[in-house]
Amino acid sequence: MLKKLTIDQFVIIQQQDLYFKDRLTILTGQTGAGKSILLSAMALILGGPSTPKSIRAGHDESKFEAVMNPPKTNPVWNMLIQERYSAAADDEFIIKRTMRPLTEQQAEEENQAMKKAKENKRTYIAPDEGIGNDIVTINDKPAPLKFLKAMGIHLVEIHGQFANQELLKPANQLFLLDEFGAFDKEYFDNVAEALERVKKYKNALDEEKLFLAKHKGRVLKRIEDIVAKFETINMRVGLIEEVKEEYAKLITARDTMEAFQRILGRLISANGIVVSLSGAKETLSKQQNLEEDKMVNLYKYLDGALDNARKAVDEMNTLVPQYEIDLDPIERCEEVLRTLKSLGVENKVPFENLEKFFVDMDTKLKRVRNGRNKLEEIDAELRKAKEDYRHHAGILTEKRKEAGKSLGDIITAELPPLKLEKAQFVVDVKEDPKMAWTEKGFNSVTFTARMNPGSPFTPISETASGGELARMILGLKVVLQEVQMTPTLVFDEVDTGIGGDAAAAVGERLAMLSDSTQVLVITHSPQVASRGEQHLHIMKESDDDKTVSSVHELTGTERVDELSRMLAGAQLTDESRAAAQSLIDEAAKSAKERRDAKAQASA
C-alpha cells in the first residue's frame, strides 16, 4: 500500500505530507482546490513523464517522496531484489523523485530532435520516456524512469474520467481473463511446448533453405572437386594419423634394413673384416723363425676375432631377412601425404586441420545431395507441430470463451446498482490463427459493452462516457481485484452523474474493495464520502501574492460538517448535519456487517 506521499513545491502545493490508511481513504474539496494535482503527483512518483512546467512558481525544482509497503507476494519485490534496490522483501521501500527543468543545452538538443523527427514524419520520443533533467532514486539508489514505471503498475492503479488505465490494454484484458478463469497450468504448457516445436522446425527449415541457397553453382562445384581429390586417397577420419604412423614405421624399417646390409657388406666383402682376419691369420701361420711362445696371445686374439666376426655374419644373416620390406607401401604413403599437402596449399588449410576440412566438405556435399529429402522431413515435422499448436490453442480458446461468458454475466449483474441499468458487459474472445502465435495462444480478448439495448458492443474505452467508464471499471475491479491484487486503487470522481441510492451503491462497492485493498477516492458525493475510514479535505487559499493548496485530515465534527456541506451547500443546518451523521452511521453499520459476515465465513 501507499503509506506516505510527500509533495514539495508542485503547482500550488507548497509542502505537504500525506499519510494514508490501509482501507478506504476519501479526498474531498471544492473544484480547483488541488485534487487533480495530487493525482499528477502520484503519477510522477510512479514513473509518469516529467512536467517541469508544473514546478511551483519561484522554485527551481519539485520534490516527491513515497513510502510503499506492498505485500511480500507482490512482484515488485522480485524486481527490487533483482536490480539490487532491496536485499529482501522488507516491510517498505522509499521512492524519491526530484523534477527539474531542462538545461539550456538539453532544451536545445530536445528541440533539434523534435524538429528532426517532424521532418522525417516520425513521432518524437523523449529520452528515457520523458525523464528530462529529473533525478529518481529507490531506497536512495539512482534508478531509471523506465524501471520506476514498470514497477509502478504493480503498486498503484489510477482510474478516472481522464486517467490512462492499464486495465484497458488488450494484453492486460487477456491476462485478467486467464486469472479469472484459473485454468490448469497444463493448458498453457501444452501451447507453449507446441509453439517451441514450431519455432524449432521453422528455424531448422529456414536454416536448411539458406544453406542450400548458399551451396550451389560454383560453390557446390568447388566442394565436389575437393571431395573428389580426397576420395582419390580413400580419405576417411583417422586416415592421416594412420598413414603418418605407418610411414614412420616403414621408413624406420627401410633405414634399418639398409644399415644391416651395409654392416654385412663390411663383414663379408672382398675387403671385409672376415677376409682380412683370415688373411692375417694365414700370413702369420706362414711366417718362419717366429718364437712360438711369443705368438700364443696373437694367435689367440686372431682366432677369437675371426670367430666373433663369423658369428656376427651368422647373426646378420638371421636379422636381415626380418627387416626386408616391400617399398611399394612407402610410395603409397608418400602419394597420400603429397595429395594432402597439395590440398592444404590449394585451400589454404594447415596440414593439421585437413581432416576437419575434409569432414566439413564431405558433410556439406552429403547435406546438399540429401537436401530435398531433408526439407521434406523438416517440413513434415513443422506441419505436425503447427497442427499441435492449433489444437492446444483451440482448447485454450474454448476455455477462455467459457470463462469470458461467466465473467461477462457477473460484471453485467454488477452494473444496475451503479446506475448502469441497461448496460451489458461482454468479454469478446476471438481466435485468429493469422495473428502472431504466442505461448498464450492466438486469442485477442476485448472487454466490450453497450450502454443501451440495440446498440452494438464496442470496447469499453469507446463505449462509455467518462463517468460511466469509471463506474464500469469499478464494477470490473470489484469482480477482478481478487485475481489482480493491485495494492492501491485510486478512483477519480467515479460517482460523476449519479446520486442517491446509486451513489450509495458506488460507495458500498468501494468499501467492499477496501476490505482487501487500499482504496483512495476523489469524490463530490456525500454517500460515497461517508464510507471512508479516512477523510482528507483539500482546500485552496489565496492572497495577492500566492495561492496555496493544502490537505487536512477530517475527524469527528469536521467530517460531519464536510458531509453536511456536500449535502446542503455552504449553509450548514441541523438537518444537513443530522443527514450527514446518518450517512456515517449507516456506513459504519454496513462495514461491521461485512466484517462480521467475513469472520463467520472463515470460522
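Two strands count as paired if at least two bridges are found between them by DSSP. Keep that in mind as you work through this predicted model.

**Exercise 1. Work out how the sheet with E9, E10 and E11 is put together.**

Step 1: Start with the order. The three strands form an open sheet, E9-E10-E11, and the pairing is antiparallel.

Step 2: Look for the edges. Strands E9 (424–431) and E11 (458–459) each pair on one side only, which makes them the edge strands.

Step 3: Check one pairing. E10 (residues 443–450) and E11 are linked by two bridges in the antiparallel sense. Find Ala-449, and you'll see Thr-458 of E11 standing opposite.

**Exercise 2. Find which helices lie against E9 and E10.**

Step 1: Go to helix H5 (residues 170–181). H5 lies across E9 and E10, at about 95 degrees to E10.

Step 2: Now take helix H13 (residues 371–414). H13 packs on the sheet and touches E9 and E10, and its direction makes about 175 degrees with that of E9.

**Exercise 3. Decide how H6 and H13 are oriented: roughly parallel or roughly antiparallel?**

Step 1: Get the geometry. Helix H6 (residues 185–214) packs with H13 at an angle of about 155 degrees, and their axes are 8 Å apart.

Step 2: Compare with the cut-off. Angles over 145 degrees count as roughly antiparallel, so H6 and H13 are roughly antiparallel to each other.

Step 3: The crossing of H6 past H13 is left-handed.

**Exercise 4. Is strand E12 buried or exposed, and what does E12 pair with?**

Step 1: Count. Five of the five residues of E12 (residues 488–492) are buried, so this strand is largely enclosed by the rest of the structure.

Step 2: Sort by face. In a regular strand, side chains alternate between the two faces of the sheet. Here Thr-488, Val-490 and Asp-492 sit on one side, with Leu-489 and Phe-491 on the other, and both faces are covered.

Step 3: Find the partner. E12 runs parallel to E13 (residues 518–522), joined by five bridges.

**Exercise 5. Which residues touch the most other members of the largest nonpolar core?**

Step 1: Pick them out. This core has 64 residues, and Phe-425, Phe-447, Leu-474, Leu-476, Phe-491 and Leu-510 touch the most other members.

Step 2: Zoom in on Phe-491. Leaving out residues up to four places away in sequence, its contacts include His-159, Leu-474, Leu-510 and Ile-522.

Step 3: A second, separate core has 46 residues, among them Leu-5, Ile-7, Ala-41 and Ile-158.

Key
Residues are numbered from 1 along each chain as its sequence is written. This is a predicted model: local features need pLDDT of at least 70, side-chain atom pairs count only at pLDDT 80 or more; totals for chains, interfaces and linings use all residues. Side-chain values use heavy atoms; hydrogens and water are left out. Helices (H or I, at least four residues) and strands (E, at least two) are DSSP runs, numbered from the N terminus. Contact means heavy atoms within 4.5 Å. Axes are lines fitted to C-alpha atoms, for helices over the stretch in contact, and angles run from 0 to 180 degrees between N-to-C directions. A nonpolar core is a set of buried Ala, Val, Leu, Ile, Met, Phe, Trp, Tyr and Cys residues joined through side-chain atoms within 4.5 Å. Buried means under 20% relative accessible area, exposed over 50%, partly exposed in between (1.4 Å probe, protein chains only). Angles under 35 degrees count as roughly parallel, over 145 as roughly antiparallel, 65 to 115 as roughly perpendicular and the rest as oblique. A crossing is left-handed if the near helix is turned anticlockwise from the far one by less than a right angle, and right-handed if clockwise.
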